[in-house]
Amino acid sequence: MFLEFSRDYSGYLQRNSKLMTKPTLSVFTEITVRFHEVDSLGIVWHGHYLRYFEDGREAFGKKYQVGYADFAERGYAVPVVHVHCSYKHPLRYGENIKVITTLVNSLSAKLIFDYQILNSEGRLAATGQTTQVLVEKDTNLLCLVLPEFLVQWKMKHGLM
């Protein structure tokens, strides 16, 4: 039975392979590393990278009209349920960094974002990914299918 499911799933991916060729939506956010974000050596504390991811998501939502307020107006919350961060090179006080936030297209009722953080010289400092799920605010029920407004938004941006 598992093999049959695997074959069906791969066939589904083949039939829907155009999802992989759809355009990606990204936003670039510039941030200057602030004094309170560094330790006594002037290096950014690891937890602040998650704040930079949040800054990227906020900028993405603003640019593409799909921010936290847009979900709240429609009765949804979008909590983060998974975070991954891989540190490559330290960031330092005063550096002007760039956060590249890219939406990973998904058929599921969730938002997945990939991140790249570049230092002031353009060197890769960190990569990461977050996953957010859609939850109905009134019932706290997890959404299993994309709400219609998100389907329309994806169609508008060529993601479906």
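Begin by selecting Thr29, which has its place in strand S1. The model on display is a predicted one. Thr29 counts as buried because its relative accessibility is 12%, under the 20% limit for that class. Display its surroundings next: apart from neighbours within four places in sequence, Thr29 is in contact with Asp55, Gly56, Ala59, Ile97, Lys98 and Val99.

**The sheet**

Now colour the strands. An open sheet is formed by 5 strands, in the order S1-S4-S5-S6-S3, and the pairing is antiparallel. At its edges lie strand S1 (26-32) and strand S3 (80-87), each of which pairs on one side only. On average, and with direction ignored, neighbouring strands of this sheet are turned by 20 degrees against each other.

Select helix H2, residues 48-64, to see what packs on the sheet. Helix H2 touches S1, S3, S4, S5 and strand S6 (124-133), and its direction makes about 130 degrees with that of S1.

**Following the pairs of strands**

Strands of a sheet pair through backbone hydrogen bonds. Select strand S4 (residues 96-104) together with strand S5 (residues 110-118): 7 bridges join these antiparallel strands. Within this pair, Leu103 stands opposite Phe113 in S5.

Keep Phe113 selected and turn to its bridge partner in S6, which is Thr130. How many bridges join S5 to S6? There are 9, and the two strands run antiparallel. S5 and S6 also form a hairpin, with 5 residues between them. In the turn of this hairpin, select Gly122, which has a positive phi of about 85 degrees.

From S6, proceed to S3. These strands run antiparallel and are joined by 7 bridges. For one example, select Val80, whose bridge partner in S6 is Gln132.

**Inside strand S6**

Is strand S6 mostly covered or mostly uncovered? It is mostly covered, since 7 of its 10 residues are buried. Select Ala125, which has its place in strand S6. Ala125 counts as buried because its relative accessibility is 0%. Residues up to four places away in sequence aside, Ala125 touches Ser86, Tyr87, Lys88, His89, Leu91, Ile117, Leu118 and Asn119.

**The salt bridges**

Side chains of opposite charge can pair when their charged atoms come close. A search of the whole structure finds 2 salt bridges, and each may be visited in turn.

For one of them, select Arg34 and Glu37, whose side chains meet at 2.4 Å, N to O. Arg34 counts as partly exposed because its relative accessibility is 35%, whereas Glu37, at 0%, counts as buried.

For the other, return to helix H2 and select Arg57 and Glu54. Their side chains meet in a salt bridge of 2.2 Å, N to O. Why are these two residues separated by about one helical turn? The reason is that Arg57 and Glu54 are 3 residues apart in helix H2. Arg57 counts as buried because its relative accessibility is 9%. Glu54 is partly exposed, with a relative accessible area of 25%.

**Helix H4 and Lys154**

The last stop is helix H4 (residues 148-156), in which Lys154 is found. Select the buried residues of H4: Phe149, Leu150, Val151, Trp153 and Lys154. Which elements are included in what covers these buried residues? Among them are H2, helix H3 (68-73), strand S2 (76-77) and S4.

Centre the view on Lys154. This residue is buried yet has no salt bridge. Its nearest side chain of opposite charge, that of Glu148, is 12 Å away. The side chain of Lys154 is instead joined to that of Asn105 by a polar contact of 3.0 Å. Residues up to four places away in sequence not being counted, Lys154 touches Asn105, Ser106, Leu146, Leu159 and Met160.

Conclude the tour at Gly158, which follows H4 and has a positive phi near 70 degrees.

Note on methods: Residues are numbered from 1 along each chain as its sequence is written. This is a predicted model: local features need pLDDT of at least 70, side-chain atom pairs count only at pLDDT 80 or more; totals for chains, interfaces and linings use all residues. Side-chain values use heavy atoms; hydrogens and water are left out. Helices (H or I, at least four residues) and strands (E, at least two) are DSSP runs, numbered from the N terminus. Buried means under 20% relative accessible area, exposed over 50%, partly exposed in between (1.4 Å probe, protein chains only). Lys and Arg count as positive and Asp and Glu as negative; His and the chain ends are not counted. A salt bridge is a side-chain nitrogen of Lys or Arg within 4 Å of a carboxyl oxygen of Asp or Glu. A polar contact is a pair of N or O atoms within 3.5 Å; within protein, one must be able to donate a hydrogen and the other to accept it, and residues adjacent in sequence count only if both atoms are side-chain atoms. Contact means heavy atoms within 4.5 Å. Two strands pair if DSSP finds at least two bridges between them. Axes are lines fitted to C-alpha atoms, for helices over the stretch in contact, and angles run from 0 to 180 degrees between N-to-C directions.
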